Amino acid sequence: MLFGKRAGIKNRNRERYDRIRRLMWIKCESCGHLVYYKDYKTNHYICPRCGRAFIMTPKQRFDLLFDNNEWERLKLPIVSDDPLNFVDRRAYSDRLADARAETGYNDAITTADGVIGGIPTTICVLNGDFMLGSMGRAAGDGMIASMEHAIEKRQPFIMVTCSGGARMQENILSLMQMARTVVAVNKLHANGIPYIVLLTDPTFGGVTASFAMLGDIHIAEKGARIGFAGRRVIEQNIREKLPSNFQTAEYLYEHGMVDMVVPRDELKEKLEKILAVLTKQPHTPNSINVTTPESDNKKVRGMGETDAYDKVLLARNENRPHFLDYINGIVDDWTYLAGDRLFGEDPAMCGGIGYWRDIPAVIIGQEKGRTIETRQLHRFGMPNPEGYRKAQRLMRLAEKFKLPLISLFDTAGAFAGSAAEERGQSQAIATSIATGLDIKTPYVAVNVGEGGSGGAIAIGTGDRVLMLENTIYSVIAPESCASILWKDNKFRATAAAAMKLTANDMANLKIIDKIVTEPSGGAHTDWQQTMTALADAVADEIHDLQKIPTSELSARRADKFLAMTRGVEKYVSAHDAKDK
């Protein structure tokens with residue numbers, strides 16, 4: 001006989017004990033560990049032993065993300081139940097009744113208005129506890145109504161997904177919700193409403209294949225499983241064992257599908273930063289305060305051969321600030337955005353949003369890395385096609401929200417490799433040039449190091465093009481030019497002089513609009529002075545461009561580039577003309 005229970009007799013005290021025990025302890029589905037409920041709640045419903053994030057109810061999500069746990073639930077459309085009179089082992093109507101009784105919600109979708117970081121926002125949640133968050137007519141109508149509400153209120157819309165996909169019991173009616181919800185997403189984009197998707201565990205099927213993968217920004221909650229077909233289905237289909245991290249949030253980040261992977265307790269802070277930039281909240285810039293790294297000041301081989309080649313070596317100086325250095329020194333509230341949404345994340349092409357001094361902006365550029373490990377990671381600043389496609393995505397993001405686009409280019413060129421060619425390197429560069437020329441938002445491009453070939457001009461077609469004083473811009477590296485035309489690399493300095501690749505040459509040829517002065521020894525000798533000068537120069541250009549109607553910018557930009565090279569008959573540098 002069990003303690004507290006007699007055979008054949010229902011013991012109400014035992015039932016009450018079991019009910020209390022279930023409320024006090026939660027069993028982790030991942031590691032099997034029993035978690036005390038208060039610890040589980042304090043830890044944002046995450047197992048403290050293995051880190052598995054439990055499904056949160058809509059109320060718990062709203063409390064987590066909205067300021068001060070204050071929010072107002074929206075009334076959503078009610079649709080008829082069981083339109084197909086579906087029966088499997090049980091009637092669909094019975095399954096709905098059970099789900100409603102267990103969760104206290106009418107269906108899988110719940111929406112509320114509140115404030116995040118002081119910004120009025122609408123959050124829509126797919127409830128994973130309600131028939132695994134499956135999408136049927138009620139969910140579709142609820143999402144559409146929620147998005148239309150956000151458009152009417154002119155406030156950001158956040159979609160929190162947790163779903164197994166379209167609801168089988170509604171068959172074709174659930175499948176059509178994929179198209180219907182995408183129509184509503186298109187309306188959000190057309191009206192310039194920020195649309196952020198928070199992908200949580202699990203998100204699969206028709207949800208990922210529709211509205212969940214069409215956000216302006218995709219945030220994956222750490223530990224989430226995300227995909228289209230389930231792991232077991234794929235393994236059965238291809239008869240292969242998949243990687244252990246397959247379809248995890250981190251896997252999707254590596255493959256370019258999400259912008260970031262964020263732990264649950266950091267989501268609110270991350271959303272506050274993103275929404276502040278996208279909605280152009282006023283910002284008082286922090287002072288620029290950077291320290292110049294120590295340098296061994298060793299003599300650089302090749303210095304002194306020609307003035308032009310000296311500029312080449314200064315542009316490549318290993319102590320010169322790179323893209324992420326400028327971001328850390330100049331930009332406030334920076335949020336890195338990753339992935340091309342097609343194939344992968346390319347660390348050679350970096351980008352994101354933040355405040356360039358007091359200006360909310362989208363900022364892109366190549367990063368070369370500084371240590372052996374980071375140089376390999378960033379591929380010495382030579383992007384693959386996915387890097388350029390990421391740049392295009394961020395260009396369009398800037399256009400949608402009428403945020404200035406700032407490009408800091410510094411590359412020896414696009415990466416030359418067989419895989420890059422297979423994935424369309426030429427097409428990616430060409431489309432980047434076309435996109436940069438077409439976007440209707442202020443665009444300032446700055447050469448902060450090497451401007452190498454198509455890899456540079458891909459993100460260099462700005463309304464204003466600036467160069468730091470000791471940078472270069474050329475169709476090919478002078479060493480390569482010497483090897484091809486002089487048949488000997490030792491003529492590299494001669495080639496550099498002949499190519500007219502310095503900032504002064506670019507100004508004389510009317511290729512650029514302005515030269516930003518560097519410290520006397522070069523940018524690598526004084527980061528503080530370099531960054532202050534660059535920050536002010538770019539801000540001045542943006543403020544000037546913001547006086548021009550955005551509808552006119554692309555036409556003016558096109559005219560600017562069409563006019564280039566037309567007036568060049570015989571080039572004589574200003575220095576040479578003075579000598580004569």
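Helices α5 and α6 pack with their axes 9 Å apart, at an angle of about 5 degrees (axes are lines fitted to C-alpha atoms, for helices over the stretch in contact, and angles run from 0 to 180 degrees between N-to-C directions). That makes α5 roughly parallel to α6, a label for angles under 35 degrees. This is a predicted model, where local features need pLDDT of at least 70, side-chain atom pairs count only at pLDDT 80 or more, and totals for chains, interfaces and linings use all residues. Residues are numbered from 1 along each chain as its sequence is written, and side-chain values use heavy atoms, with hydrogens and water left out.

Where the helices touch (heavy atoms within 4.5 Å), α5 brings residues including Met143, Ile144 and Met147, while α6 brings Leu173, Ala184 and Leu188 among them. The residues of this contact split into nine nonpolar, three polar and five charged.

As for the strands, four bridges tie β5 (residues 119-126) to β6, and the two run parallel; pairing takes at least two DSSP bridges between strands. Ile123 has Ile158 of β6 as its bridge partner. On to β7 (residues 195-203): six bridges join this strand to β6, again in parallel, and Thr161 sits opposite Leu199. From β6 the chain crosses through α6 (residues 171-190) to β7 in a right-handed β-α-β crossover.

What about cover? In β6 (residues 157-163), seven of seven residues are buried, meaning under 20% relative accessible area with a 1.4 Å probe, protein chains only. Phe157, Met159, Thr161 and Ser163 lie on one side, and Ile158, Val160 and Cys162 on the other.

Methods
Buried < 20%, exposed > 50% of the residue type's maximum accessible area, 1.4 Å probe, protein only. Right-handed = clockwise from strand over helix to strand, strands pointing away. Parallel < 35°, antiparallel > 145°, perpendicular 65-115°, else oblique. Nonpolar A, V, L, I, M, F, W, Y, C, P; charged D, E, K, R; others polar.
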